Amino acid sequence: MTYRSKLKQFFDGFNVVIFTLILLFLYIPILILIIYSFNDTKIIAGWKGFTFKYYQLLWENENLKNAFWNSLTVATVSTIISTALGLLTALGLENKYFKAKKLIQGIIFLPLVMPDILMGVSIAMLFSFLRFPMGKMTVIIAHITFCVSYTIIVIQSRLQGFDHSLQEAAMDLGANKSQFFWKVKFPIILPGILAAALLAFTLSLDDFIITFFSTGRGFNTLPVYVESAIRRGSVTTINALSTIMIMITLFITFISKPIRKMLI
Amino acid sequence: MEDLRLVNVTKKFDNFIAVDSINLEIKQGEFFSFLGPSGCGKTTLLRMIAGFETPTEGKIFIGDTDISKLPPYKRPVNTIFQNYSLFPHMDIYNNIAFGLKVKKVHKSEIEDRVQQMLKLVKMGDHVNKFPQQLSGGQRQRIAIARALINEPKVLLLDEPLAALDLKLRQHMLIELMNIHDAVGITFLYVTHDQSEALNIADRLAIMNKGSFAQVGLPDDVYERPETIFAAYFVGDTNLIEGRVIKVEEDYATIISQTDSEHEIEIDTTYHRQPNLDDVVTLSLRPEKIAISRKPPKKKDDFNIVEGVIEDILYGGTHTQYIVRVGSHFFRVFQQHKKVYIDELSLDWEEPVYLYWHDTDTHIIFETDKNRVNSENIMKTVRRK
Amino acid sequence: MERFTDNEVAKIEKENRSSWFLTTPFLIWITFFFLIPYLIVIFYSVLTPGVYDIKFVFSLESWSSAFSATYLDSITHSLVMSLLTTIITILIGFPVAYVIANASKKRQNLYLILIIIPFWTNFIIRIFSWKIFLSSQGLLNNLLIYFGLIDEPLTLLRTNGAVLLVMVYVYLPYMILPIYSVLEKFNYSLLEASMDLGANEIKSFFKVTLPLSLEGIFAGSILVFIPALGTYIIPQLVGHQSSAFVGQLITFKVKSIPRNWPLASALSFILLILVAVLLLTGYNYYKNISRSKS
């Protein structure tokens, strides 16, 4: 038995080592960013002194604020529409006698496996072909297109666990199909719908390449703005921006747990 | 009178006939049970009454209204489901109130009626809880309240006690009967448990392969089974196939087909008289047979056979003996009316006398080689 | 096949009609904004490029260019780098997933969140942070010089190594999560049974754990390899101009002047075919594996 317990000890130590290395790997660059955002230097150099000035510059940067606002708008509109489309589609696919079910599941699968760049290119060419001006509209359309497959599968997986005997119970008690849906089914699947919406929102906010291809002159979202800033070399405010975004992400992650508990 | 009438109700799935031309009239306020093994069609029949299946043929009436084609939400019928199907996202109050809310009943009236129902099922303290927080028995009471608040004409119960343990089942059975008495509407109870059906029903129907093997009062069905299926599905019985060799005014004598040694006399005063040379099956309930080392004093009143004990199974309230009589095997229940401290209990391989009154057997005008007792009992005998 | 009463046939038809009704909006959307655009891409690949706009003149030149050395090199480079990334993420990701799956239930959630948080920050920012870390005046070089390991800063950026590193960094969670989810469902009684029958822990690992986790590795590989093939921003920010990925070439031909949309389309189509072929072979391989598994 001591062999076993020694092996277990080794294993436990091994686990700790692996996990710490991984955390280092994942977090070190981020910590660097945060530290550098307070570094008083225009270029990537050694430590030149602590400053808040880049945060101040951020605040005064109109283009950045525009880009941020655009990101939010696009994400909100895309989320609403793609979640709604996702809900309808997932509900439609519940019917097990539906002949087209397999085909449609396959179609849903396609945007999920194709590299984003292909979708970007194809959308750019579509709107050029149609002579449709590129800008906010086209970005939103592109975002909905790549988000909707995600919303469908999230809602579908929540629908799978749905207890169908509840439908008979509701109908037995006098509810017709519509009353059953709004009073019983919808409240129960709502967490799934919200999860889908959250996923779509995140994917939309984070997207670069598809937005890059579907946007027009002057319309920037945050990732696109960041990329062009990096390309131009004006990286100083980017550090500050990155730090803020990381903080926001951390904040949302830590409050989302209690919020989820409230919903369930 | 709002009686429930089933007229030629049939349900076919592809080539399989689940329910075969059922005709039945259930009086308003009856507590009626459908009893049968899995797959006999009882649940399908219940679902057709509830509206979840449509009959392939036939009609269902409540009073004068034909409800056969109505969707479930338009029928004056409510169902208690096997796993209760309470709404997990609503508390108890809203679960019970659901049917009324759907009908847009006024809030204050809902309040009153929910409280009434909670009192009826004795769950007043749990109003604000959620179904997940309740035990099985409690959930069932809520399911009952949720159904009865709608004042249906018929309440359907689909094996409601199946998920509960024995003691709770016994308790809930009584509760259900009390609720039925309090409310007075027709209850339709589907089960495979024959003791439940016998306990609770005013009348019951035994179902087998889509049709009724017998319909009647519990003691009629038990003591006077009309089919071999009815005889052996409800309780245990000894089935003896025999040929009628003598027919007198109130008596018939049959001789066992397998064992011409034994002649059995049957009092046919309340019976249909068999004809000479008919081949029939006798049903003899094990508790009707007395077992003893000595034969009875008044030999004329009894049928007496001699045999040897092959197996003994102690059962608390009674002991079951398997006794070989010639080439027959008899199952005998001896009730322990007293604890016999002074007498030596019967043992394996003891020779014993079995005797029963000639009124205690029942003639079934049917024969079925597969169901003849002896062979079946033989399979269950343990060799000591 | 069940046969139904007339009443039920009517009910099923009604259900089907509502299913069509519900899925049509999605189908219309996906046809117009996903399927048709791909057709347009294919259509464009046989046209003539213009400096700004495409010219609607038939030409197969883009296809012959696409198969020329430069572009084939780029495609090969993308394939090789994606393959390396996949392999490395498996080698790193599997132990990590294993460690997480073996932790107590409470710890598992904590570990998962720790792994996922960086994932929730914008990925351009994360790539950028590597740029800072690896630059000649960045922290890594500073540390190496400080500890006397090197005299002069290393050129870490603008190399294939940097690209590979960042690719692994970005795609690692996509490998860890599927493997974890398979391992987590793992039935430990199987493992105990195997150990009971005499195999020691290492043997059990190879004979029981590993084969069952193949499913997770497989799923992770798809989630890593395919996006890696089409990547643009990673090699663009930390890679060297001479070894371009196919994603970069496509982007240049679409966005930078002079444009060459037919060529971009041809390259995109080639990428599409590669992905389709990979998926199909993977799917067949997977089917064969699961058939022999049971």
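Chain A exposes about 13100 Å², of which carbon and sulfur atoms supply 69%, with accessible areas taken from the Shrake-Rupley method with a 1.4 Å probe and, for residues, only the protein chains shown counting as cover. The model is predicted, so that local features need pLDDT of at least 70 and side-chain atom pairs count only at pLDDT 80 or more, whereas totals for chains, interfaces and linings use all residues. Residues are numbered from 1 along each chain as its sequence is written, and side-chain values use heavy atoms, with hydrogens and water left out.

Chain A holds 11 helices and 0 strands, where helices (H or I, at least four residues) and strands (E, at least two) are DSSP runs numbered from the N terminus. Of the 264 residues in chain A, 52% are buried, that is, under 20% relative accessible area with a 1.4 Å probe and protein chains only.

Leu130(A) lies in the loop between α5 (116-129) and α6 (136-160) of chain A.

In chain B, an open sheet of 5 strands has the order β15-β19-β16-β17-β18 with antiparallel pairing, two strands being paired if DSSP finds at least two bridges between them.

Key: Chains are lettered from A and ligands numbered from 1 in the order in which they are written. Buried means under 20% relative accessible area, exposed over 50%, partly exposed in between (1.4 Å probe, protein chains only).
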